Amino acid sequence: MTTVTIERVSRSFGSVHAVREVSLEIRDGEFFTLLGPSGCGKTTLLRMIAGFCELDAGSISFGARRIDTLPPHRRNTGMVFQNYAIFPNLTVGGNVAYGLHARKVPAARIAERVATALKLVHLDGYDARWPHQLSGGQLQRVAIARSLVIEPEVLLLDEPLSNLDAQLRVEMRGEIRQLQQSLGITAIYVTHDQEEALAISDRIAVMRAGTLEQVDKPDAIYRDSTTPFVAEFLGVTNLLSGTITRREGAHAVIKAGATEFHVEGTVTGLGEAVAFCLRPEALRVIAPGDAIPDGWASLEVLISRVEFLGALTRVETQLADGTMLRVALLDQPLETLSVGHALTLAYDPRRVTGFKAA
Ligand SMILES: Nc1ncnc2c1ncn2[C@@H]1O[C@H](COP(=O)(O)OP(=O)(O)OP(=O)(O)O)[C@@H](O)[C@H]1O
Ligand SMILES: [Mg+2]
């Protein structure tokens, strides 16, 4: 059983607070992702778990065992780096065997374990190849095999796919996820790519300037972002602000500029200023003469820009006071979307997320 418990962990570099009082519990067998912009402290936190960076304060435990006071090789973690860190002067087999030699595993067992690890990453029979004879995706597989061969309790991956092209990234992230699930290993994955994080994680921690902004399942992080920072970091959205003017049934009505928005549940407090978010794909076009779905609210907008992206069409529209509202549409006939024309949009008030005042 390997839960990872991080308690009030901090680390500074001079005047930079890279990680500040982070507390987190990662479950046994969980695929947990640290997501955030460049410089928010993801790598620093991962390196502290691996033992490559000392803590200023706090503690880290695997299960009941405190590990932050142990040297890296006694923590039983496998780490995969962004740049592979493959030794060019060793063969594939030599690279994968490296950690086993360092741990004084008997030679007879090494060959067997290297073969098993290479098989796991679909590189059976590549032992004798040299790193310069491999593609980027294959090099990354060698790096993963090398981290798994020591049978770590916890697998740590720091932007392992960032050197690969877009299509290979998508393929490899699926492979990493599958491998993690079949081994049942606890994995901590670092990325600044929100789509990657959503696609492969059991849970995500969004980091900002050394602290955790929100920790939750992918769909909750995306749909119920608790702060504007999280909402904006997780893809395109409409961030708006206004004042709560009245209640209407189960909805609160927020006046934002010249437009009224309906919000379900989350907002209380008449007269208060609130920020809220409405995802572009939560908006639907209502054709002239069609009814607005039961319980939904509607808006009148003018089309100001149309971007056809194949599966998706992104439309920028303007509310009566000129505020921009982004809309994302699936399979909408383009001839219904002419710049300058009016549109009626509708949305489910449950898809509006209100934020607490900062
Ligand atoms: N060894 C170091 N010496 C001085 N400052 C450091 C060191 N390591 C990290 N920092 C600083 O700590 C902060 C967090 O860095 P970190 O590498 O953890 O960020 P990150 O979230 O991994 O960013 P990226 O997405 O760019 O990899 C940054 O401001 C960085 O400049
Ligand atoms: Mg980093």
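Strands are DSSP runs of E with at least two residues, numbered from the N terminus. The model discussed here is predicted.

Q: Where is the place of threonine 191?
A: Threonine 191 belongs to strand 8.

Q: Why is threonine 191 called buried?
A: A residue is buried when its relative accessible area is under 20%. Threonine 191 has a relative accessible area of 1%, and therefore threonine 191 is buried.

Q: What makes the pair formed by the side chain of threonine 191 and the backbone nitrogen of aspartate 193 a polar contact?
A: The limit for such a pair of N or O atoms is 3.5 Å. A polar atom of the threonine 191 side chain lies 2.9 Å from the backbone nitrogen of aspartate 193, so the distance is within that limit.

Q: Which residues is threonine 191 in contact with, leaving aside its neighbours within four places in sequence?
A: With those neighbours left out, the contacts of threonine 191 are Thr33, Leu34, Leu35, Gly36, Lys42, Glu159, Glu196 and Ala197.

Q: What is known of Lys42 and Glu159 around ligand 1?
A: Both are among the residues around ligand 1, a set that also includes Phe13, Val16, Ala18, Pro37 and Ser38. A polar side-chain atom of lysine 42 lies 2.8 Å from an oxygen atom of the ligand. The side chain of threonine 43 likewise has an N or O atom at 2.8 Å from a ligand oxygen, and a backbone N or O atom of cysteine 40 lies 3.2 Å from an oxygen of ligand 1. Of the 640 Å² of accessible area that ligand 1 has on its own, the protein covers 58%.

Q: Which element gives the largest share of the shell around ligand 1, and what is the make-up of the shell by class?
A: Helix 1 gives the largest share, with three residues. Strand 2 (16-26) and helix 1 (42-50) each supply at least two. By class, the shell has five nonpolar, five polar and two charged residues.

Q: Why is arginine 113 called buried?
A: The threshold is a relative accessible area under 20%. Arginine 113, with 16%, is therefore buried. Arginine 113 lies in helix 3, and its side chain reaches the backbone oxygen of valine 149 at 2.9 Å. Not counting residues up to four places away in sequence, arginine 113 touches Leu100, Val105, Val149, Ile150 and Glu151.

Q: What makes a set of residues a nonpolar core, and how many residues has the largest one?
A: The members must be buried nonpolar residues of the listed kinds, joined through side-chain atoms within 4.5 Å. The largest such core has 36 residues, and Val96 and Ile144 have the most contacts inside it. Helix 4 supplies the largest share of this core, six residues. Leaving aside neighbours within four places, isoleucine 144 is in contact with Val80, Val121, Met172, Ile176 and Leu179. Another core, of 28 residues, lies apart from the largest one and includes Ile26, Leu55, Met79 and Ala205. In soluble globular proteins, nonpolar side chains tend to be buried together.

Q: How many helices and strands has the chain, and what share of its residues count as buried?
A: The chain has eight helices and 20 strands. Of its 358 residues, 47% count as buried.

Key
Residues numbered from 1 in each chain as written. Chains lettered and ligands numbered in written order. Predicted model: local features only at pLDDT ≥ 70, side-chain atom pairs only at ≥ 80, totals over all residues. Heavy atoms only, no water. Near = heavy atom within 4 Å. Polar contact = N/O pair within 3.5 Å; in protein donor to acceptor, adjacent residues only side chain to side chain. Areas by Shrake-Rupley, 256 points an atom, 1.4 Å probe, with all protein chains shown as cover. Helix = DSSP H or I, 4+ residues; strand = E, 2+ residues; numbered from the N terminus. Nonpolar A, V, L, I, M, F, W, Y, C, P; charged D, E, K, R; others polar. Buried < 20%, exposed > 50% of the residue type's maximum accessible area, 1.4 Å probe, protein only. Contact = heavy atoms within 4.5 Å.
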